[in-house]
Amino acid sequence: MTTSEIPPTERSDDRPLPPGPTSYPGVGNTIGFLRDPFAFYDGLREYGDVVSYSVAGEDFCTLLHPEHVERVLVTEESKFGKSEFIREAGEKFIGNGLFASEGEFWRRQRTMIQPAFYRERIGTYAEPMVAFAAETADSWDDGETIRLQEVMKRLTLRILAAALFDQDVRGADSSIRDAARGIARAINEKSDAGSVDSLLPDWVPTATNRRYRRAITRFDEAVERLIEERRDEPPGDDFLSILLHATDDRGEGMSDEALRDELATFLFAGHETTALALTYCLYLLSNHPRVRRKLNDELDTVLDGDAPTMADLRALDYTDKIVTEALRRYPPAYVVFREATEDVVLGGYTIPEGTSLTLPQFVIQNDDRWFDDPETFDPDRWTSEMKADLPDYAYFPFGGGPRHCIGMRFANAEIRLVLATIAQRVEFDCSTDELDLRMGTTLEPTNPIEMTAKTR
C-alpha cells in the first residue's frame, strides 16, 4: 500500500510506531541532535518519511513527505495542535498571540486581525517600504563593505515599526527598537539548536535568561505606553490603531494583554524572517552573475528607472522567481511544529497522542524527489509546468492550512519591493566564502555575511 492509499480515517490499532535512530537511556537522541542538528536531520531520511526520536525528554516525530504535511496542516488539522515544545519556548515573549494560541480564542483573534492584512491595506505600506529601502541603499558609499543581515534587520524593523506603530525607530531614543533588538538577540541565544542553553527553562538564572527577561520587560513597558497613548485616538492606518479599534461579533475589543501579545508576535516574526529572506536573496544574487544579469534586465525594462510599486509586482516575474527560489533553498522559518492531540496514523505508523511533530521545510524543500538538483539555486526552475507537477506542500515557506502565516502577503510584498529597490541601485561582491547556517528561532547564518556594495 502506498502512502497516498492510506485512508485518513484508518484506525491506529496494531499499527507499529515509526522507526528512528537508536535512543539511549536517559538522553534519548539529545546528544546527537545537539552535536550537529543538520547531520541529525540528514540521518533521519534513511528511516523513511515518518521518523521518531527523543530530544530533551520529549518524543518527536519528523514527517518528510508532502502528503503527510498536508494531512497535518490541512485535511486533518483538527487532530493536531500547537506543540507544547513551541508553546513553552515562546510563552514568555509572544504570550498567547496568534502563533501560540488555539481554539476559540485563536479564531476570534485571527478574525479581528485579518482586516489589517487585506490586499488593499498592504498596498498603503508599499510606498514607505520602497522609500526606506532606497534610503538604505543610497546611504552606502561605492565600495563600502556592509554586514548584510545586520543592515537588513535595521531596514525591516524600520518598515515594521512604521506599519505596526506609525513610529520611526531611527532616533537615538527608541524603546521599541532597543527592546526588539534585545529580545531577538536573547531568543536566538536561547533557541540555538546546538546549544545546551536552548534546553534549559526560563527560570534557570543563566546570563542568557537574565538578558531575555530584561529585554521582555523593556518591550512590555514600551508597548504599554504606546497603547495608553493611542487608546483614545481616532482610527489610523497602522496595525496598532487597527487592532485598538477592532471588535468581534459581539462588539467587544481586544484586551491590553491580547494587544501586547499580538504586537510582540508581529514585531519579532515580521522583521527577523523578512530580513533573513532579503539577506539570502542578495547573497545568492552575488554568487550567481547570470541570475543577477537577468534581474537587471527585468528591472531596467519593467521599471525604466522608476521606483517599484505594488502595481509593478505582477510584471516583475523574474524577481518573483528569485524570491521563491531563495525561500525554497533557505527558508527562514524552517520547521513547523505541531502536536498530536489524539492517536493518528501516518504512513502506516501510529503517532501517539502527545507526540511533537516536526515538518521541516528546509529538508522537504531540498529533497531531490520533488526538485531536480535541489542544492542548486535556479530561479528558472519555477516554470508553469514545474509548479503544476510539484506536489502540494513540497514547498511551504509560510506554513499552510488555517494557521498559515497571516502576514504572508505583507512579507511577500515587502521582500519583492525591497529587493527590486536595492537591486536597482546596488550590486554586491560577497566577501563571505561559504554560507554556514545554524538552527535557532530562524535558519540564520552562523557568522556575519560581509558584502561590498557597488553602485550600478
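**Close-up 1. Arginines over phenylalanine rings in the predicted model.** In this predicted model, R158 places its charged end over the ring of F132. The distance to the ring centre is 3.7 Å. R328 lies over the face of F371. Here the separation from the ring centre is 5.1 Å.

**Close-up 2. A three-stranded open sheet, ordered β4-β12-β9.** The pairing in this sheet is antiparallel. β4 (145-147) and β9 (426-430) form the edges. Each has a single partner strand, so one side of each has no neighbour in the sheet. On average, neighbouring strands are turned by 40 degrees against each other, direction ignored.

**Close-up 3. The pairing of β4 with β12.** Strand β12 covers residues 450-455. β4 and β12 pair in the antiparallel sense over three bridges. R147 stands opposite E450 of β12. Strands of a sheet pair through backbone hydrogen bonds, in either a parallel or an antiparallel arrangement.

**Close-up 4. Helix α8 across the sheet.** Helix α8 spans residues 148-165. The helix lies across β4, β9 and β12. Its course makes an angle of about 65 degrees with β4.

**Close-up 5. The edge-to-face pair of F117 and F239.** The whole structure holds 18 aromatic pairs. In the pair of F117 and F239, the ring centres are 5.0 Å apart. The planes stand at 70 degrees, so the pair counts as edge-to-face, the cut-off being over 60 degrees. F117 belongs to the loop between α5 (103-113) and α6 (119-123). F239 belongs to helix α11 (residues 239-245). The pair thus links distant parts of the chain, 122 residues apart. Both F117 and F239 are buried.

**Close-up 6. The tilted pair of Y280 and Y330.** Y280 and Y330 are 5.1 Å apart, centre to centre. Their planes make an angle of 40 degrees, and the pair is tilted. Y280 sits in helix α12 (residues 256-286). Y330 sits in the loop between α14 (317-329) and β5 (335-340), so the pair ties together parts that are 50 residues apart in sequence. Y280 and Y330 are both buried.

**Close-up 7. A cluster of aromatic rings.** Ring pairs join F33, F38, F40, Y41, Y53, F60, Y334 and F362 into a cluster. Among its members are the phenylalanines F60 and F362 and the tyrosines Y53 and Y334.

How values were computed
Residues are numbered from 1 along each chain as its sequence is written. This is a predicted model: local features need pLDDT of at least 70, side-chain atom pairs count only at pLDDT 80 or more; totals for chains, interfaces and linings use all residues. Side-chain values use heavy atoms; hydrogens and water are left out. Two strands pair if DSSP finds at least two bridges between them. Helices (H or I, at least four residues) and strands (E, at least two) are DSSP runs, numbered from the N terminus. Axes are lines fitted to C-alpha atoms, for helices over the stretch in contact, and angles run from 0 to 180 degrees between N-to-C directions. Contact means heavy atoms within 4.5 Å. Rings of Phe, Tyr and Trp (its six-membered ring) pair if their centres lie within 6.5 Å; planes under 30 degrees apart count as stacked, over 60 as edge-to-face and the rest as tilted. Buried means under 20% relative accessible area, exposed over 50%, partly exposed in between (1.4 Å probe, protein chains only). A charge sits over a ring if NZ of Lys or CZ of Arg is within 6 Å of the ring centre and within 35 degrees of the ring normal.
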